Amino acid sequence: MNQLSVGVAITGSGSATPKVTLDNEGLSKIVETSDEWITSRTGIKTRCLASPTESVPDMGAAAAREAIAMARITPAELDLIILATSTADDLFGSASLLQAQLGASKAVAFDLTAACSGFIFGLVTGAQFIGTGTYRNILLVSADILSRWVDWSDRSTCVLFGDGAGAVVMQAHGEDRLLGFELKSDGSQNECLQLAYQSEPKELISGVAVARGTYQPITMNGKEVYRFAVQRVPEVLSKALFRANIPTDEVDWLLLHQANQRILDAVAQRLQIPDHKVLGNLANYGNTSAASIPIALDEAVRSGRIKSGDVIAASGFGAGLTWGAAVFQWGR
Ligand code: ACO
């Protein structure tokens with residue numbers, strides 16, 4: 001795939017989720033819903049929720065330490081840290097704080113915002129820096145605390161989301177393990193899924209007004225997002241597989257953004273990938289936004305399901321709208 005000079009390998013993974021959980025039973029005490037409705041429509045049973053004092057850099061750093069240890073490097077060896085998040089503690093960015101927590105003194109760090117596509121967009125962005133020979137060791141952290149921005153009185157959205165962080169280490173490698181990718185966005189459908197700023201005008205002096213608004217909780221047209229996902233995700237995965245020159249039956253694992261079990265099933269069916277190759281952990285975490293793909297990846301690596309050399313077809317999709325796919329081989 002890589003026409004640049006240096007290949008990339010993904011050599012370490014890690015994940016971290018808050019200790020506090022809220023199951024469907026608990027949710028039914030907050031809004032009019034039931035375990036039966038949530039389980040049958042989404043596959044979600046419980047989700048982890050960050051405490052009021054937990055931060056995106058805290059969770060990200062916990063996941064990052066695991067990934068760095070698995071890659072057998074030290075934080076001081078990192079050249080770049082990409083933090084994929086839509087829920088930074090600071091609108092100026094949270095990546096530098098994460099860098100400081102890790103003691104990654106040599107690394108430059110920045111945030112990348114692409115909602116639930118953040119991990120895939122971050123992976124491809126990191127690969128460009130390695131491909132050009134600019135950097136050799138990159139940490140990609142995906143972390144989101146969507147619970148801060150959920151409308152806890154809206155039963156159509158609050159049942160879906162959870163908090164968490166996942167991380168991978170990407171390293172320069174003789175053979176390129178990123179075999180193919182495709183990234184897409186379509187702002188014309190932006191209103192389908194938003195965590196939008198709502199402006200309130202404040203006049204400073206006569207004729208000079210500024211905005212003094214705030215961010216509004218998540219709004220979503222669930223049916224439109226569902227339709228978008230089951231159509232666009234198979235398309236983008238097929239394109240990435242074509243670029244990788246990998247036939248679908250050579251895919252070892254389908255690793256999708258964990259939004260809804262019905263979306264996972266529909267995409268797998270359309271691509272004719274059997275259930276036993278589909279990685280999923282929705283029941284335990286719900287939709288953790290940018291973090292969902294690396295959390296599922298890390299669990300599968302640590303449990304021994306994913307082995308070195310396995311071909312993984314991964315796809316993220318969500319607000320923006322954004323969507324993308326990456327086909328890669330795990331390990332060195
Ligand atoms: N409990 C009980 N009833 C509910 C709940 C709930 N939690 N939520 C909605 N309902 C009701 C509705 O009010 C509606 O009732 P009505 O028929 O009396 O009007 C009925 O259930 C059906 O509602 P629908 O919205 O039609 O349910 P649907 O089958 O479409 O499922 C869902 C909704 C689960 C949200 C689905 O549309 C979906 O998963 N969409 C994709 C969402 C998604 O993945 N978003 C994240 C993208 S990633 C990112 O970037 C954040």
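1. Helix H3 passes helix H4 in a right-handed crossing; a crossing is right-handed if the near helix is turned clockwise from the far one by less than a right angle, and left-handed if anticlockwise. H3 covers residues 56–70 and H4 covers residues 95–102, where helices are DSSP runs (H or I, at least four residues) and strands are E runs of at least two, numbered from the N terminus.

2. A word on provenance before going on. This is a predicted model, in which local features need pLDDT of at least 70 and side-chain atom pairs count only at pLDDT 80 or more, while totals for chains, interfaces and linings use all residues. Residues are numbered from 1 along each chain as its sequence is written, and side-chain values use heavy atoms, with hydrogens and water left out.

3. Back to that helix pair: H3 and H4 pack at about 50 degrees, with axes 9 Å apart. Axes here are lines fitted to C-alpha atoms, for helices over the stretch in contact, and angles run from 0 to 180 degrees between N-to-C directions. That angle makes H3 oblique to H4 (under 35 degrees is roughly parallel, over 145 roughly antiparallel, 65 to 115 roughly perpendicular, the rest oblique). On the H3 side the contact uses Pro57, Asp58, Gly60, Ala61, Ala64, Arg65 and Ile68, and H4 brings Leu97, Leu98, Gln101 and Leu102; contact means heavy atoms within 4.5 Å.

4. Now for the other pair. Helix H7 (residues 222–244) packs against helix H8 (residues 261–271) at about 40 degrees, axes 9 Å apart, so these two are oblique as well. H7 also passes H8 in a right-handed crossing. Residues in the contact include Tyr226, Val230 and Leu237 of H7, with Ile263, Val267 and Leu271 among those of H8.

5. At the domain level, the chain is divided into domain 1 (7–177) and domain 2 (180–188 + 219–329), with bounds from an automatic or database domain assignment. Their centres, taken over C-alpha atoms, are 16 Å apart. In the interface, 44 residues of domain 1 touch 40 residues of domain 2.

6. About 3200 Å² is buried between the domains, with carbon and sulfur atoms giving 65%; buried area is the accessible area (1.4 Å probe) that two parts lose on being put together, summed over both. Cys116, Ile120 and Arg177 supply 19% of what domain 1 buries against domain 2, more than any other three residues.

7. Two backbone spots to look at. The peptide bond from glycine 320 to leucine 321 is cis, omega near -5 degrees, and leucine 321 sits in the loop between strands S17 (311–318) and S18 (322–329). Alanine 115 has phi near 45 degrees, positive in a residue other than glycine.
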